[in-house]
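Dear colleague,

Please find below the structure that I am handing over to you. My findings follow it.

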Amino acid sequence: METGSQIEPISWIEIDLGAIRHNYRELKKYAAPNVEVFGVIKADAYGHGAVKTARVLVEEGAKVLCVARAEEAAQLREAGICSRILVFGPPLSGQAVALLGLDCEMVVCAEDHVEAIVAAARVLKKVARVHVKIDVGMGRLGLPPSHALEFIRKITTFDCMKIAGVMSHLPCADTTDRELTSKQIATFASVRDTIKTAGIDVPCFHLANSAALLDFPEAHFDAVRPGISLYGQLPSFEVQARPNLIPAMSMKTRVIFVKDVPAGTGLSYGHTFVTRRPSRIATVPLGYADGYPRHASNKTQMAVRGTLVPQVGRVCMDLLLIDVTDVPDVAVGDEVLAFGRSGNTVLRPEVVAQQIGTIGYELTTRVGQRLQRVYL
Ligand SMILES: Cc1ncc(COP(=O)(O)O)c(C=O)c1O
């Protein structure tokens, strides 16, 4: 176990790197052996720690690590990660110099990006490896499919730039609208065919996020880019596959106070919860400043002594309440699981997130700085 401080934490995040290793292996089973499985570790590996996660994925054979921003790539390089890194966000000029200096691969989808990278490549006298992004329907970044060939042709005229990939991103692969996703995959396939027919050498076409990796084998092309599933969560409950994924993050705390109150007692700010029976209420030091959303107030469950209990009253900045009336002998010091795993109890983050009205992605990426990370 490794902690960031000498003080034993009373509320903490446990990260099971073994679970990430297991999940990567599990996901590889969904891709053909000739399909590379990249690792998406942006946003500090969805809150799990980018450097530690990167090391696990590299050991497991991930050839490319994907981040969203230049700063995230720099953090990996500073930690001595020397694998291929793809930065999803296209660079502005200052970033292009930095990223090329760090030997990172960049996404391009506009003339401005190309100009920034060409200028950087000339300054550093290096060849930049780029991934051309096509928009098959996400609407955030990417060239219209009809412009792809002309744009790629232009890139091939620069000696200082090499096309390492052509990519896109699917907006609805985790929904029940399979028809829309199938159309978008077909659009990407036709862009690939056009590029191949033109005789342009592109070593890697990649499209699939976790949902497409799991549910759309025809979206795999040369490489897939899972993120959320590496951390043990389903991208959504509409995904049809049910892989054996282990949640890698657990949010834990301890009971610091227990009291018995009569029926009719209002609890926490605004008295949004009033006891309907004589109740035993436990207070735990976890709040929205730790990343347990205020929106969760009166909606979620936590586990104590292996039993699920309701969270009651408003979630405060540092504290929240659980109703432990039905669990005998709950005492100060007992461990409380907000999500993740404790012994045989599993509270999947995506299930807790759904109760709150958000997604597991948000729950793990928004964990507060104050919570110590304990790596298993
Ligand atoms: C371009 C791109 N590829 C892949 C992923 C991974 O998606 P997921 O976490 O749903 O697997 C993301 C994440 O949003 C992304 O932005």
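Helices (H or I, at least four residues) and strands (E, at least two) are DSSP runs, numbered from the N terminus. Please note that this is a predicted model, in which local features need pLDDT of at least 70 and side-chain atom pairs count only at pLDDT 80 or more, while totals for chains, interfaces and linings use all residues. Residues are numbered from 1 along each chain as its sequence is written.

Helix α8 itself (residues 178-197) has 20 residues and reaches 28 Å from its first C-alpha to its last. This is close to the expected 28 Å at 1.5 Å a residue, the expected span being 1.5 Å times one less than the number of residues.

Which residues of α8 are buried? They are Thr181, Gln184, Ile185, Phe188, Val191 and Ile195. A residue is buried if 20 or more other C-beta atoms lie within 10 Å of its own, exposed if 12 or fewer, and partly exposed in between, with C-beta atoms placed from the backbone. The buried residues pack against α7 (148-155), β8 (161-167) and β9 (205-208).

The domain assignment gives domain 1 (18-231) and domain 2 (249-375); such bounds come from an automatic or database assignment. The centres of the two domains, taken over C-alpha atoms, are separated by 38 Å. Their contact takes 8 residues from domain 1 and 8 residues from domain 2, where two residues are in contact if their C-beta atoms, placed from the backbone, lie within 7 Å.

The largest nonpolar core has 110 residues. Such a core is a set of buried Ala, Val, Leu, Ile, Met, Phe, Trp, Tyr and Cys residues joined through C-beta atoms within 7 Å. Helix α6 (residues 111-124) provides the largest share of this core, 5 residues. Both domain 1 and domain 2 give residues to the core, so it lies between them. Val87 is among the residues with the most contacts inside the core. Leaving aside neighbours within four places in sequence, valine 87 is in contact with residues including Val67, Leu99 and Met106.
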